[in-house]
Structure formats: C-alpha cells, structure tokens
Amino acid sequence: MSTETEIIPNNDLELVTRTQGGDPSAFDQLVVRYSPRLYGLIYHMTSNHEDTNDLLQDVFSKAYRSICSFRGKSSFYTWMHSIAVNMTINFLKKRNRRQHPSLNDPDCNIENDPDFIAATSNGNVDPTKQVTIHELQKKLNAAMMKLSHDHRIVVTMFDIQGMPHAEIAKILKISEGTVRSRLFYAHRQLQNSLHEFKRN
Amino acid sequence: MSHEPMHRVIRLKRYERPPEGYFDDFLRDFHRRQRAELLKPSLRTLLLERLTSILSEFHVPTMAFAGAAAVALIASIAIISHPGQSQSPRAYAASYQQTPVTIPKMQPVSLRVDPQPQRSASLFPPAYMLNARPANHESPLSF
C-alpha cells in the first residue's frame with residue numbers, strides 16, 4: 001500500500017528548527033510538502049473544495065503560530081495531521097447539516113485504474129464513459145457523507161491516504177483496536193450503501 | 001468478512017484532485033493571508049485607540065497623562081513600601097477590642113400634648129440675672 005506523498009521526517013525537523021529560529025522560508029517548504037496530503041485529508045472529510053481551501057489555510061496559519069510550542073515529542077507529520085483533523089472535525093460540527101458537496105473532476109487516470117474498471121463493470125463496459133465515473137464518484141461521496149465523523153476520518157486516512165493503523169491511532173489519540181473496529185463498521189456501512197451501484 | 005473489495009473502491013477517491021495549479025497558488029494565498037493577519041489590528045490595539053480618541057475629545061493636555069502616570073506610580077510605590085501600615089479589613093476587625101455597650105436607662109416618653117403650655121411658664125416667671133460684679137464706671141485710681 002503506497003502513500004500519496006513521500007514524507008521525510010528527519011528533514012522535517014530541520015525545517016521546523018529553522019522556522020522556530022525565524023526563517024519563514026523553511027515553513028514555506030513545509031507548506032509545499034504537506035499541502036497536497038492535508039488537502040486530501042480535509043477534502044475527503046468535507047467534500048467541498050472551497051471549505052477545504054479555507055480550512056487548509058487556517059490549518060497552516062495555526063501551525064505557523066504555534067510552531068514554537070512543537071517540542072518534537074511526536075513527528076511533525078503527526079503533529080500537522082492532528083491539527084488538521086481537529087480543525088476539520090470542529091468545522092464539520094459547526095457546519096452540521098449544511099452540506100454543499102462540490103465534486104472536483106477526477107483525474108483522467110481513473111479510467112485506466114483496474115479497481116475502477118472492476119467497480120464499474122463486469123469487464124466489458126467502456127471505462128471512458130464519464131457518466132459512470134461521475135456516478136461512482138457521487139455514490140462514493142454520498143456513502144462517505146453518511147458515515148459519522150469518526151468513521152469517515154479513519155476511512156479517509158486508511159483507505160484513501162494509505163496510512164498505517166499505528167499512525168492513525170497516534171494522530172487520533174485512540175488505540176489501534178479502536179481504529180480497526182471503526183474501519184470494520186465503516187466498511188460495512190459503505191458496502192451496504194454501494195451495494196446497489198455494484199449490482200447495477 | 002473481507003473488506004478488500006470495498007477498500008479498493010474507496011481508494012478511487014484519491015483521484016479527486018483540486019484544479020490544476022491549485023498548489024502553486026496556495027502558497028501565494030497563504031503569504032497574502034499572513035500579511036493580512038499582520039495588518040489586522042488586535043483587540044488590544046483597538047481598545048487603546050478607542051480610549052485615546054475618547055480622551056482626546058476632552059482636550060486633556062499631553063503632560064497631564066505623564067503627571068497622572070507619575071502620581072499613580074508614586075502612590076503604588078508608597079503602598080508597596082509600607083505594607084505594615086495598611087491593615088486588611090479582616091486584620092483590623094480581629095485587632096479591634098470589643099467593649100460592652102451599655103445602654104442608659106431610658107425614660108418613657110409621653111406623646112400626649114399639654115393643652116395649656118403657657119400655664120407652666122407662668123408658675124416660674126423668667127428671672128434675669130445681671131452681672132455678678134457691680135459695674136463700676138469710676139476710674140480705679142482717682143487723684
């Protein structure tokens with residue numbers, strides 16, 4: 001299982017130390033490094049590009065303001081993800097029932113993805129059919145939105161971002177057993193939601 | 001129950017990406033926002049500004065602020081340097097010796113109105129007393 005972006009924790013610490021010493025360009029490098037990954041984390045929780053953009057800006061602002069309090073007890077990676085998760089969950093609690101999903105166009109490479117082909121057909125349906133792509137995307141997002149925040153975050157981190165159970169447990173400050181249990185129930189719920197699509 | 005097929009389907013969501021060039025603009029937006037935050041006045045600054053504008057309406061001379069500050073400083077130093085002289089209310093209450101309060105025997109007061117108040121005055125006519133020593137207008141030394 002591969003991750004979306006390679007993270008180099010040792011180099012992170014050096015950049016953090018430079019930022020703490022008053023070098024803002026070091027923090028810029030951390031922003032460049034972490035923004036794609038944190039974008040994915042927040043986006044799959046909110047399903048809205050504008051909300052994700054605002055939240056991501058807030059997450060980096062907060063990290064920059066409180067970087068002096070970072071003592072290196074955990075990795076910077078864990079620390080950044082904890083800030084992002086907490087701020088996103090707080091935002092979702094405030095947003096409550098106001099849901100405005102703004103689905104972005106999926107990358108064109110999805111058409112060649114074997115999992116996509118398997119999910120949308122029995123092997124003989126044209127995978128370039130955009131309607132099917134969007135339909136699957138809509139169904140997936142709708143199914144994700146039905147999950148509770150706690151379940152959605154573990155699904156995002158494990159299934160989409162490919163993070164190991166131990167890392168998720170550290171970020172969410174829960175046990176690995178709880179991570180597995182939440183994943184089990186989330187998968188079961190998603191399976192029920194997507195069952196109809198799979199049959200059609 | 002295996003969730004591997006579900007895991008593979010969910011992973012398709014990783015293809016949902018922001019618009020092209022989004023991350024190039026993101027850092028620029030972040031810098032712009034940071035500058036805006038720096039320019040945004042804090043609550044403390046706003047309060048100070050409001051206070052200054054209110055005081056300026058009263059046309060208080062500038063030196064009055066310095067004088068008031070100096071007086072406040074001297075007063076606070078005096079209070080701090082003589083802590084023994086000022087007692088807290090509790091200590092003062094404890095040091096205060098309680099003396100029993102004696103209430104003198106009260107006379108009953110009649111609210112009845114005397115119908116002839118002049119009568120009592122006639123029983124005791126006013127007496128006028130002149131100076132005890134006789135006035136002597138003569139010079140004490142007569143030649």
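Trainee: What angle do helix α2 (residues 24-46) of chain A and helix α3 (residues 49-65) of chain A make as they pack?

Mentor: About 140°, with their axes 9 Å apart. Axes are lines fitted to C-alpha atoms, for helices over the stretch in contact, and angles run from 0 to 180 degrees between N-to-C directions.

Trainee: Why is α2(A) called oblique to α3(A)?

Mentor: Under 35 degrees is roughly parallel, over 145 roughly antiparallel, 65 to 115 roughly perpendicular, and the rest oblique. About 140° falls in the rest, so α2(A) is oblique to α3(A).

Mentor: A caveat: this is a predicted model, where local features need pLDDT of at least 70, side-chain atom pairs count only at pLDDT 80 or more, and totals for chains, interfaces and linings use all residues. Residues are numbered from 1 along each chain as its sequence is written, with chains lettered from A and ligands numbered from 1 in the order written.

Trainee: What makes residues of α2(A) and α3(A) "meet"?

Mentor: Contact means C-beta atoms, placed from the backbone, within 7 Å. Among those meeting are Phe27(A) and Leu38(A) in α2(A), and Leu55(A) and Phe60(A) in α3(A).

Trainee: Where does α2(A) bend?

Mentor: At Ser35(A), by about 45°, and Pro36(A) follows within four residues. The bend is the angle between axes fitted to the seven residues ending there and the seven starting there. Just after α2(A), Ser47(A) has a positive phi of about 60°.

Trainee: How many residues of chain B touch chain A?

Mentor: 22, in contact with 33 of chain A. α2(B) gives the most to that side of chain B, seven residues.

Terms used. Contact = placed C-beta atoms within 7 Å. Helix = DSSP H or I, 4+ residues; strand = E, 2+ residues; numbered from the N terminus.
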